[in-house]
Amino acid sequence: YTENFTFTLTSDDKSLLWVGDNAKAGTFAFGNKLAYANVGSNSGTIPLTKGTFYALRLQVSNGTGPGYITLAVSSSQLGSTQNLTQLSYFNPNTQGI
(Lines give C-alpha, C1' and ligand atoms only; values in the text may rest on other atoms or scores of the structure.)
Protein backbone atom coordinates (compact mmCIF):
# COMPACT_ATOMS: atom_id res chain seq x y z
CA TYR A 1 0.00 0.00 0.00
CA THR A 2 1.14 3.54 -0.71
CA GLU A 3 -0.39 5.70 2.02
CA ASN A 4 0.07 7.07 5.53
CA PHE A 5 0.93 4.49 8.17
CA THR A 6 0.55 5.04 11.90
CA PHE A 7 2.94 3.22 14.25
CA THR A 8 1.83 2.89 17.87
CA LEU A 9 4.20 1.99 20.70
CA THR A 10 2.95 0.79 24.06
CA SER A 11 5.58 0.05 26.67
CA ASP A 12 6.79 -0.04 30.25
CA ASP A 13 9.17 1.66 30.75
CA LYS A 14 10.49 3.53 27.68
CA SER A 15 10.51 2.84 23.95
CA LEU A 16 11.44 4.84 20.87
CA LEU A 17 10.84 4.14 17.18
CA TRP A 18 12.64 5.48 14.13
CA VAL A 19 11.53 4.75 10.52
CA GLY A 20 13.34 5.20 7.22
CA ASP A 21 16.59 7.12 6.95
CA ASN A 22 16.23 8.26 10.58
CA ALA A 23 16.57 4.60 11.67
CA LYS A 24 19.94 4.01 10.05
CA ALA A 25 23.10 3.81 12.15
CA GLY A 26 24.64 7.20 12.75
CA THR A 27 21.48 9.16 11.97
CA PHE A 28 19.07 8.25 14.75
CA ALA A 29 18.66 10.68 17.63
CA PHE A 30 15.91 11.47 20.12
CA GLY A 31 14.93 14.53 18.10
CA ASN A 32 14.14 12.65 14.87
CA LYS A 33 12.16 9.73 16.34
CA LEU A 34 8.70 8.89 14.98
CA ALA A 35 7.22 7.80 18.33
CA TYR A 36 8.22 7.78 22.00
CA ALA A 37 6.33 5.98 24.79
CA ASN A 38 7.15 6.33 28.47
CA VAL A 39 4.94 3.95 30.49
CA GLY A 40 1.99 4.15 28.11
CA SER A 41 1.28 4.65 24.41
CA ASN A 42 2.36 7.08 21.72
CA SER A 43 1.84 7.14 17.95
CA GLY A 44 3.49 8.66 14.93
CA THR A 45 2.31 8.77 11.30
CA ILE A 46 4.51 8.67 8.22
CA PRO A 47 3.82 8.29 4.46
CA LEU A 48 5.27 5.06 3.04
CA THR A 49 5.50 3.97 -0.59
CA LYS A 50 4.71 0.44 -1.72
CA GLY A 51 7.77 -1.53 -2.86
CA THR A 52 10.23 0.66 -0.93
CA PHE A 53 12.42 -0.72 1.86
CA TYR A 54 12.19 1.26 5.11
CA ALA A 55 14.52 0.57 8.00
CA LEU A 56 12.94 0.37 11.47
CA ARG A 57 14.83 0.88 14.71
CA LEU A 58 13.08 0.09 17.98
CA GLN A 59 14.84 0.91 21.25
CA VAL A 60 13.45 -0.34 24.55
CA SER A 61 14.53 0.16 28.15
CA ASN A 62 13.12 -1.19 31.38
CA GLY A 63 13.76 -0.11 34.96
CA THR A 64 12.85 -2.37 37.81
CA GLY A 65 10.14 -5.03 37.66
CA PRO A 66 8.51 -6.58 34.62
CA GLY A 67 8.22 -4.67 31.38
CA TYR A 68 6.38 -4.98 28.09
CA ILE A 69 6.45 -3.61 24.57
CA THR A 70 3.97 -3.78 21.70
CA LEU A 71 4.29 -2.23 18.27
CA ALA A 72 1.17 -1.87 16.16
CA VAL A 73 0.88 -0.49 12.64
CA SER A 74 -2.26 0.76 10.93
CA SER A 75 -3.41 2.38 7.71
CA SER A 76 -6.72 2.89 5.95
CA GLN A 77 -6.16 -0.14 3.66
CA LEU A 78 -4.35 -2.39 6.16
CA GLY A 79 -6.48 -1.74 9.22
CA SER A 80 -4.55 -2.29 12.46
CA THR A 81 -2.24 -5.16 13.36
CA GLN A 82 0.49 -6.16 15.78
CA ASN A 83 1.50 -9.06 13.53
CA LEU A 84 4.23 -7.61 11.33
CA THR A 85 5.39 -10.97 9.94
CA GLN A 86 4.05 -10.41 6.42
CA LEU A 87 5.03 -6.73 6.46
CA SER A 88 8.70 -7.09 7.33
CA TYR A 89 11.88 -8.58 5.95
CA PHE A 90 14.75 -10.01 8.00
CA ASN A 91 18.02 -10.64 6.17
CA PRO A 92 19.63 -13.73 7.79
CA ASN A 93 22.94 -12.95 6.08
CA THR A 94 23.33 -9.69 7.98
CA GLN A 95 21.24 -10.62 11.03
CA GLY A 96 18.99 -7.66 10.25
CA ILE A 97 21.81 -5.13 10.29
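Predicted model: local features only at pLDDT ≥ 70, side-chain atom pairs only at ≥ 80, totals over all residues.
1. The side chain of Asp 21 meets the side chain of Lys 24 in a salt bridge, with 3.0 Å from N to O, and the structure holds 1 salt bridge in total. Side chains of opposite charge can pair when their charged atoms come close.

2. The surroundings of Lys 24. Lys 24 is found in the loop between S1 and S2, and because its relative accessible area is 42%, Lys 24 is partly exposed. The contact of its side chain with the side chain of Asp 21 is also listed as a polar contact, at 3.0 Å. Leaving aside residues up to four places away in sequence, Lys 24 touches Ala 55 and Arg 57. For Ala 55, the C-alpha atom is separated from that of Lys 24 by 6.7 Å, although the two residues are 31 apart along the chain.

3. The overall make-up of the chain. The protein chain has 0 helices and 5 strands, so that the order of elements from the N terminus on reads β-β-β-β-β. Of its 97 residues, 25% count as buried. The chain exposes about 6,300 Å², and carbon and sulfur atoms supply 52% of that area. Where contacts between residues at least 6 apart in sequence are concerned, 67% of them join residues at least 24 apart.

4. The largest nonpolar core. Which residues make up the largest nonpolar core? This core has 11 residues, namely Phe 5, Phe 7, Leu 9, Leu 17, Val 19, Leu 34, Ala 35, Ala 37, Leu 48, Leu 71 and Val 73. At least two residues of this core come from each of strand S1 (3-19), strand S2 (35-48) and strand S4 (68-75), and S1 gives the most, with 5 residues.

5. Phe 7 has its place in strand S1, and with a relative accessible area of 6% Phe 7 is buried, because the class takes in residues under 20%. The C-alpha atoms of Phe 7 and Ala 35 are separated by 7.5 Å, while the two residues stand 28 apart along the chain; both residues belong to the largest nonpolar core.

6. Is Ser 11 buried or exposed? Ser 11 lies in strand S1 and counts as buried, because its relative accessibility is 0%. A polar atom of the Ser 11 side chain lies 3.5 Å from the backbone oxygen of Asp 13. Not counting residues up to four places away in sequence, Ser 11 touches Ala 37, Val 39, Gly 40, Tyr 68 and Ile 69, and among these Ala 37 is a member of the largest nonpolar core.

7. Backbone geometry at Asp 13. Asp 13 has its place in strand S1, and its backbone oxygen is the atom that lies 3.5 Å from a polar atom of the Ser 11 side chain.

8. Backbone geometry at Val 39. The phi angle of Val 39 is near 55°, which is a positive value in a residue other than glycine. Val 39 lies in strand S2 and counts as exposed, because its relative accessibility is 51% and the class begins over 50%. Val 39 is also one of the residues that Ser 11 touches.

9. The nonpolar patch on the surface. Leu 58, Val 60 and Ile 69 form a nonpolar patch on the surface, and together these residues have about 230 Å² of accessible area. Ile 69, another member of the patch, is among the residues touched by Ser 11.

Technical notes:
Residues numbered from 1 in each chain as written. Heavy atoms only, no water. Patch = residues over 30% accessible without salt bridge, like charges linked within 9 Å, V, L, I, M, F, W, Y side chains within 5 Å. Areas by Shrake-Rupley, 256 points an atom, 1.4 Å probe, with all protein chains shown as cover. Salt bridge = Lys/Arg side-chain N within 4 Å of Asp/Glu carboxyl O. Core = buried A, V, L, I, M, F, W, Y, C linked by side-chain atoms within 4.5 Å. Buried < 20%, exposed > 50% of the residue type's maximum accessible area, 1.4 Å probe, protein only. Helix = DSSP H or I, 4+ residues; strand = E, 2+ residues; numbered from the N terminus. Contact = heavy atoms within 4.5 Å. Polar contact = N/O pair within 3.5 Å; in protein donor to acceptor, adjacent residues only side chain to side chain.
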